[in-house]
Amino acid sequence: GLVLVHEEAGKISVVEINSETDFVAKNTDFLNFSKEISKINFEFSGDLEKVKTAKMKDGKVVNDNLISLISKIGEKITIRRSVFFDEKNGKNFFYIHSASEKNIGKIASVVKLSNCDDAELGLKLAMHIAASSPLAIDETNLKKDIIEKEKEIIKAELINSGKKGDIAEKISKGKINKFISENTLLNQAWIMDPQKKVADILVEKKQNNEIKIIDFVRFKVGEGV
């Protein structure tokens, strides 16, 4: 499949469209369909329910054309997920890893920053997100069930290794702190300079006001399917 980005007037939309094989992802009919879906997705602010019932250039609705494309190609094709970043409360920046053509690839990331007009920093942060795959901006945004699941994994590892009592508690705390640091954007080692954290870079690059990460997203084709 593919992830496609559409940018216009400071707004950005991303949509993931899946096929069963990479071969289909290079098919001209699939590509043309996906490009038009990306534009429609932008027009409807990432609302996939509205996208699927929207009319395409040929006058047919998306769902009908999707069924026709599946029939023609002979593979399951899914408009899987989408996201939309408006122009409010900050500026949006995006990056596509290994783009097959403009705004189309296998991994796409978007980041929204407040108090930042630095396009180079925005692009580098989007690149960092694509490479480092953070789960949240910081610990407060990290879902509790993710932390609890990780604690269970660590606990099982410690039991299997025979560690007990205070030693087990100390190791457990260290491991969970490391997990949080490695999976929260602000605490991750900056890919351009691993001696610094992302949070350090934001402090270094600020002009008059503190640069804040308002939101981000990372789509990788087929991830979690």
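This is a predicted model: local features need pLDDT of at least 70, side-chain atom pairs count only at pLDDT 80 or more; totals for chains, interfaces and linings use all residues.
I count Ala, Val, Leu, Ile, Met, Phe, Trp, Tyr, Cys and Pro as nonpolar, Asp, Glu, Lys and Arg as charged, and the others, Gly among them, as polar. Lining residues (an atom within 4 Å of a pocket point) include P134, I137, K143, D215 and F216. The pocket's volume is about 200 Å³.

Local features need pLDDT of at least 70 and side-chain atom pairs 80 or more, while totals for chains, interfaces and linings use all residues. Numbering starts from 1 along each chain, and side-chain values use heavy atoms, without hydrogens or water.

**Helix pair.** I checked α5 (residues 119–132) against α8 (residues 198–205). Their axes come within 12 Å and cross at roughly 175 degrees. That makes the two roughly antiparallel (over 145 degrees). Helices are DSSP runs of H or I, at least four residues; strands are E, at least two. In contact (heavy atoms within 4.5 Å), L121, L125 and H128 of α5 meet V198, I201, L202 and K205 of α8. I sorted the residues of this contact: five nonpolar, one polar, one charged.

**Sheet.** I read the order of the open four-stranded sheet as β3-β2-β1-β5, with antiparallel pairing (at least two DSSP bridges between two strands). β3 (78–85) and β5 (104–105) are at the edges with a single partner strand each, so one side of each has no neighbour in the sheet. Two bridges join β1 (residues 2–8) to β5. Which residue of β5 is the bridge partner of V3? I found G105.

Note on methods. Axes are lines fitted to C-alpha atoms, for helices over the stretch in contact, and angles run from 0 to 180 degrees between N-to-C directions. Angles under 35 degrees count as roughly parallel, over 145 as roughly antiparallel, 65 to 115 as roughly perpendicular and the rest as oblique. On a 1 Å grid over the protein atoms alone, a cavity is a set of points where a 1.4 Å probe fits but cannot get out, and a pocket is an open set with protein on both sides within 12 Å along at least five of seven lines; lining residues have an atom within 4 Å of a point. Grid points are joined across faces, edges and corners, and a volume is the space filled by probe spheres set on the points.
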